[in-house]
Amino acid sequence: MAEFKNLQLSAELALSLGISDQVSEDALNKAIELSNRILASSSAKQDHLNKLREQCSDQKAFSQKYLEIKEKNCDILGPYVELLSCVADDKRVKKMLKLCQQEEAALNGNGKQVINVSSEGLSQVKNKLKAITEEFERPSHDNKHSIESHGTLKRSNGITVELPSFPDWFQTRPYMTNDFACGSEKGGTPITLAKVPVASQEQAILSDLINCLSGIDGQHIVAMPLENLYAKREFRFAVGMDKSLKELALKVLELASLYSSVVRFIEQKTEFRFGRVNNALAAAMDEHIIEYLGFVAQNENQRRSGNLGLQKLVFNSESMSQLFRVLAHTAQTVNNNDARGGRVLTLLHQLTLCTAGDKNAQEICFNLIQKASKPYLESLDEWLLKGVINDPFDEFMVEDNQVETDGALSTEDCDGYWEKRYTIRKDRVPLFISEYAEKILRTGKYLNVMQQCGKRIHSPLKSRTVYTIHGSKCEEVIEEAYQYASKMHLEILLRDYDLIGRLKWMKKFFLLEQVDFISQCMDLCDETLRKPVMELEPTRLDFLFGLVLRTSNVETAYLEDLHTTLITSSLPDQIRRIICISNDTFPLEDIDSYDLEDKELSGYESFAFSADVKWPVSLVINSHDHSRYQMIFRHLFFIKYVERSLCQVWNSNKVARRFSPMESPLYRPAFSLRQRMLNFVLGLQYYMTGEVIEPNWHIFMEKMKRVNSVDDVLTYHTDFIDQCQRECMLTVLELLQPLRELLDCIMDFCKFILHVRNYFVEAELELTESFDASESSELHRVDFEDNWTSFSGEVEHHNEKFNSLLFKFLDLVGSLERDTTHARLLLRCVENFRMDFNSFYSTQRKGSLSLNKSSTSSTTG
């Protein structure tokens, strides 16, 4: 009766303020709790009264009503005035109360709202009610993530994998959980303890605490709903609970909150989509849950026997709280980083190292990471011992990019196979083996190549990788597996696939070691290769090349893998594109239009060899190195063609023997120019073959005698090709282009001399057939005198052009910085050309400069 009276008096006071005529019991209970926390001083009450009086429209009526209620000795008047003062200060609460008043005003006299609903509106209402009903039938704990995506897994390479799914009841039954099952969004309402004596409250609270430790709501202590899956669990207490008992209960509920976090982590991470490492970690934590439930059962037994008090329960919970603090912190760390696979092991390893000062905590973390790392280390063992990736949930450190092959890999496929198929994902590498990541990758690659070659792997290793804090056990196993795999792979390449023989074969044909074969090829294919590249017939070229192979004395080994090809772009343009792409000098769409040669190439400029290198030798002689072999071959082959043309000019010079003593000396400038050009070309050939390729090949072969792994072979072979390209001036466009212009100048001179030779031969035949000897001699002398001026002028023109381009080339070499690698190599190149060994060109250039100065001064004077 007293409670009803308090409600009635409070409602009358609220009506005088114009707030509302409905005051709930919860509001009064909160007001009582608020009054217990605040010192009920008269000055505090007076301040609240003054605030309310200022905001009231009728201050006199408010004061009278307050005095009237005060005279009735209402025990909750002070806390309620304080509550109303807080409500009056909060604008949002006042706005909400006004909205409530408006809704109440919209109701009719019998308290029901009048709504006109059509048939369509009624169907919509039914659908909404059905949707709301389905929503409430769902499990109250947060199982949203498992429903959404536990059925499939999308790998990093874009492939979607179907995962095993849980039964439907795992998602549809709300109480299939070890965690609290909150019945609604607001949670349950605890039963009040306002009328229960303090002595009786302890036993009621003990029973509720045992339930909460097991993940079950009590009568006076209930769990509040979570804001998200990883939020900390909070609890709601009954009204009237003793303050001291409540403080003791909070200490016990801290363990219940930790238990709730750990259980949620375990139930979520048991899903297949989180990977085997998280599954193993959840299983390791679940072992501690079994121990924890035994602890709860012991306390429940003590409570029933009357030997358990609230303080004793707090004491008993302390040791278990230390364990669950570590477990909850581990779970929160993994959740915050959204970790899986190797990332989880890295976090656990860091936690283990950070707990070095706490022996118990470190033992717990060490136990967790040892059990969680077992699936990952099993995958690591399979990779180290078999070269196979067992990674069903996309969490292993080595990623397979799945290069599709049909058994044997070609030269083009092996680049992607070796460099791109197997790669390291740094975010999946555990911290305790991160420094061995490259060795792990190479070990599995070696074994995988052996499997591709059809070899059976019998690893002698008996030990397996096991987690240790400092990684010493893993280091021993990884190093032993790497040594075995690299040794076996290298032996297969050297013994079974004749790697050294293949490299020598490439040098023989692509680096012009087999010069007699190249000369024979030029002799037979000369007429075809002189044509423009667009007019060539590849089938005829292949036929002629096959004829050369059958009639030559070259070794028959691997000759079936040698073919001919025609490259439509010039060598400088090809190198320019490569340099621009590698240095990002120009956008890809602008490279084709950048300073490219527009002349039509001949067959000699486009001709190249092509080799079919089979797996696994194609790992060493890959497509990139194969194209660089082709560039060196094209460079040497064109120089050989220039030498051949000069030799043809020398043969044509024998026509001058039939000339008269007066006519023969007139050809000496042409003979001299031809000899200087031949000396230049022979010196250039000697430098590239004798001073570049042979010494670097010798160094390469010496390194191959001490090689320990296939990666060393790849490094040494790449260094050999790089060195040959650089010293043959194929990577310095500033010198390659002038050198090509110099060779083109020589070719123009050869074409001119051969044309003149043909002209004189034909003219001599015509004169011999038409007239007698005296008339022929007289007419030949007249014709010779008419054409001599133009012939000598052309020779002089070619001489000046050759000297100009040669001087330009020498100036470019001298202008380079002498401390750079290219400059040292090119200066060495010039010395070995023997172009200026007796200061011939230096003297000639000084003479031409002094002549130009004297002519300029005479013109000025």
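**Reading the model**

Tutor: Helices are DSSP runs of H or I with at least four residues, strands are runs of E with at least two, and both are numbered from the N terminus. This is a predicted model, in which local features need pLDDT of at least 70 and side-chain atom pairs count only at pLDDT 80 or more, while totals for chains, interfaces and linings use all residues. Residues are numbered from 1 along each chain as its sequence is written, and side-chain values use heavy atoms, with hydrogens and water left out.

Student: Is L494 buried, partly exposed or exposed?

Tutor: Buried means under 20% relative accessible area, exposed means over 50%, and partly exposed is in between, with a 1.4 Å probe and protein chains only. L494 has 33% relative accessibility, so it counts as partly exposed.

Student: Which residues does L494 touch, not counting residues up to four places away in sequence?

Tutor: A contact means heavy atoms within 4.5 Å. By that rule L494 touches L499, I500 and M704.

Student: How does the protein chain look as a whole?

Tutor: The secondary structure of the protein chain comes to 32 helices and eight strands. The chain has 861 residues, of which 45% count as buried. Among its contacts with a separation of 6 or more, 77% are between residues 24 or more positions apart.

Student: How many aromatic pairs does the structure hold?

Tutor: Rings of Phe, Tyr and Trp (its six-membered ring) pair if their centres lie within 6.5 Å; planes under 30 degrees apart count as stacked, over 60 as edge-to-face and the rest as tilted. The structure holds 31 such pairs. In one of them, the ring centres of F607 and F609 are 5.4 Å apart and the planes are at 75°, so the pair is edge-to-face. F607 is buried at a relative accessible area of 1%, and F609 is buried at 0%. The pair of W697 and F720 is edge-to-face too, because its planes are at 65°, with ring centres 5.6 Å apart. This pair links distant parts of the chain, with W697 in helix α27 (residues 668–705) and F720 in helix α28 (residues 710–727), 23 residues apart.

Student: Which ring does R740 lie over?

Tutor: A charge sits over a ring if NZ of Lys or CZ of Arg is within 6 Å of the ring centre and within 35 degrees of the ring normal. R740 lies over the face of F638, at 4.3 Å from the ring centre. R502 lies over the face of W505, at 5.4 Å.

Student: How many disulfides does the structure hold?

Tutor: A disulfide is a pair of cysteine sulfur atoms within 2.5 Å. The structure holds zero. For C724, the nearest cysteine sulfur is that of C728, 6.1 Å away.

Student: Which residues have the most contacts inside the largest nonpolar core?

Tutor: A nonpolar core is a set of buried Ala, Val, Leu, Ile, Met, Phe, Trp, Tyr and Cys residues joined through side-chain atoms within 4.5 Å. The largest has 101 residues, and F609 and I746 have the most contacts inside it. Helix α27 gives the largest share of this core, 15 residues. Among the residues that I746 touches are V642, M677 and F802. Another core, of 83 residues, lies apart from it and includes V262 and F265.
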